[in-house]
Amino acid sequence: MKLAIPKERLDGEPRVAASVETVKKLTALGLQVTVEAGAGAGASISDALYREAGAEIASSAADALKDADIVFKVRAPTDEELGMMKRGAMLAAILNPYDDKARFQKYAAAGVNAFAMELMPRISRAQSMDVLSSQSNLAGYKAVLNAAAAFTRAMPMMMTAAGTIAPARVFVMGVGVAGLQAIATAKRLGAIVSATDVRSATKEQVESLGGTFVMVESEESGDAAGGYAKEMSDDYKRAQAALVAEHIKKQDIVITTALIPGRPAPELVSEEMVKTMKPGSILVDLAVERGGNCPLSEPGKRVVKHGVTLIGDLNVAAQLAVDASSLYAKNLLNFITPMIDKETKALKIDWDDETITGTCLTRDGQVVHPSLREGGN
C-alpha cells in the first residue's frame, strides 16, 4: 500500500506529517511511503534524510498522491490536491470541520474517507494519537516565551547591589494542556503564577505546578465529556468576570487558552479589563483563531491597545516546527498502526472502534460523523 506525504500548501505552515523516525516505522509496517520533494524543509528534514529512512521522493504533489491508499497531511488538502486523490483513499489531517462545513461535503463527493485528527476522543488508549494535546503542549510553552520576549521587564526575582527586581506575575486562563504547560514554563522562568478554569478538578493540577488557583465558588460544574470544558451559565460568567477583573489588575502577563469544541472561543478578558491592566503588560491570546478570548486581539497580529501588548499569533505550535512535526507524525503513526494487518499488510479498519467513529468525517461518499450529519450540532 502507498502512503503519501504531500507538501503543505497553506501559507505559514512549516510542519510536515512525517518525521524520519516515523517513515522508518511506516515502511517497517509494509507501507510504501512517498514524500513530495521539499515537504520537510520547514521542519529541517531534507529529502535525502527521508530517502535514507526508506521513503521515495516524488517531484510533485500529483506524483506523490497518485494511487495513494493513505494520505497524511497537517492541514486540509486544497481542492487541487483533493482532485488528485483516488476514490476510497484514506485522508488523516487536521481538517477543521466545524469552521469549514462546506469542506467535508467535498471529501464525500470525492469518495475520500476523511479523518479529522483533532476530533480524537479523550480516552486513555488514544492519548498517543491526540494531536490537540501534542500541539497545545508546545503552544503553551511558546506562548510564555513570546510573552517574555515582548515584556520589557525581567521574569524572575533578581537581587542586585542596585536593588531588588520583583518577579513578574503571570495569569493563565484555561487549564488544559496548553495552560498547564504555560504554568510550568512561567514557573521555570521565575514568575509568580496564578490560573483559573471553570473545571474545579484542575485546581490540584495548578497547585501541583506551584501556581495559585483562582475560581468562583459555585456548585455549577464546568466539566464536560472527555475532559473538556462546557459553556457556563450567565450567572457564573458574571461572577467569574468580576473575579477576573479584580485579579487581572495586578498581573503583568495574561495568557488565555480557553476553547469550547465546536463553538467560538468564550470572551474572558473584556476591553474594560484590558484598560485596568498595567502599562507595558502583555496578553497572549491562544484562542485567537477561534475568535479569541479577548475582543481586542487581532488574528496574526501583535498590537498595543490601552498600553497593553496583545499577541494574536496564529499557529503557535508551528513556531516550533521541528518538534511540532515530530510529535504530530508520531500521533499519525500511532493512529494508523492498529489498522495495518500484520500478515497481509493491508489496511483493515475497525469501523466500530472509538478512535475511528470519533474522527471519521466521511466514508464511502457519505458524511458519517454524528455532529456533522444534517441535524447534528
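I began with Phe335, which counts as buried at 2% relative accessibility, and I note at the outset that the model is predicted. I then turned to Phe115, which is also buried, with a relative accessible area of 0%. By the ring-pair rule I found two aromatic pairs. In one of them, the ring centres of Phe115 and Phe335 lie 5.7 Å apart with the planes at 65 degrees, and since over 60 degrees counts as edge-to-face, I logged the pair as edge-to-face. This pair links distant parts of the chain, for Phe115 belongs to strand β6 and Phe335 to helix α11 (residues 321-336), 220 residues apart.

I next looked up Phe115 with Trp351, and this aromatic pair is stacked, at 6.2 Å centre to centre and 20 degrees between the planes. Trp351 lies in the loop between α11 and α12 (354-359), 236 residues from Phe115. I recorded Trp351 as partly exposed, at 24% relative accessibility, and I saw that the charged end of Arg363 sits over its ring, 3.9 Å from the centre. Phe115, Phe335 and Trp351 form one aromatic cluster.

For the strand itself, I noted that β6 pairs with β5 (residues 90-94) in the parallel sense over four bridges, and that the chain passes between them through helix α5 (residues 103-109) in a right-handed β-α-β crossover.

Lastly I checked Arg15, in the loop between β1 (2-5) and α1 (20-28), which is buried at a relative accessible area of 4%. Its side chain makes a polar contact of 2.9 Å with the side chain of Glu13, and another of 2.9 Å with that of Asn315.

Conventions:
Residues are numbered from 1 along each chain as its sequence is written. This is a predicted model: local features need pLDDT of at least 70, side-chain atom pairs count only at pLDDT 80 or more; totals for chains, interfaces and linings use all residues. Side-chain values use heavy atoms; hydrogens and water are left out. Two strands pair if DSSP finds at least two bridges between them. Helices (H or I, at least four residues) and strands (E, at least two) are DSSP runs, numbered from the N terminus. A crossover is right-handed if, with the strands pointing away from the viewer, the path from the first strand over the helix to the second runs clockwise. Buried means under 20% relative accessible area, exposed over 50%, partly exposed in between (1.4 Å probe, protein chains only). A polar contact is a pair of N or O atoms within 3.5 Å; within protein, one must be able to donate a hydrogen and the other to accept it, and residues adjacent in sequence count only if both atoms are side-chain atoms. Rings of Phe, Tyr and Trp (its six-membered ring) pair if their centres lie within 6.5 Å; planes under 30 degrees apart count as stacked, over 60 as edge-to-face and the rest as tilted. A charge sits over a ring if NZ of Lys or CZ of Arg is within 6 Å of the ring centre and within 35 degrees of the ring normal.
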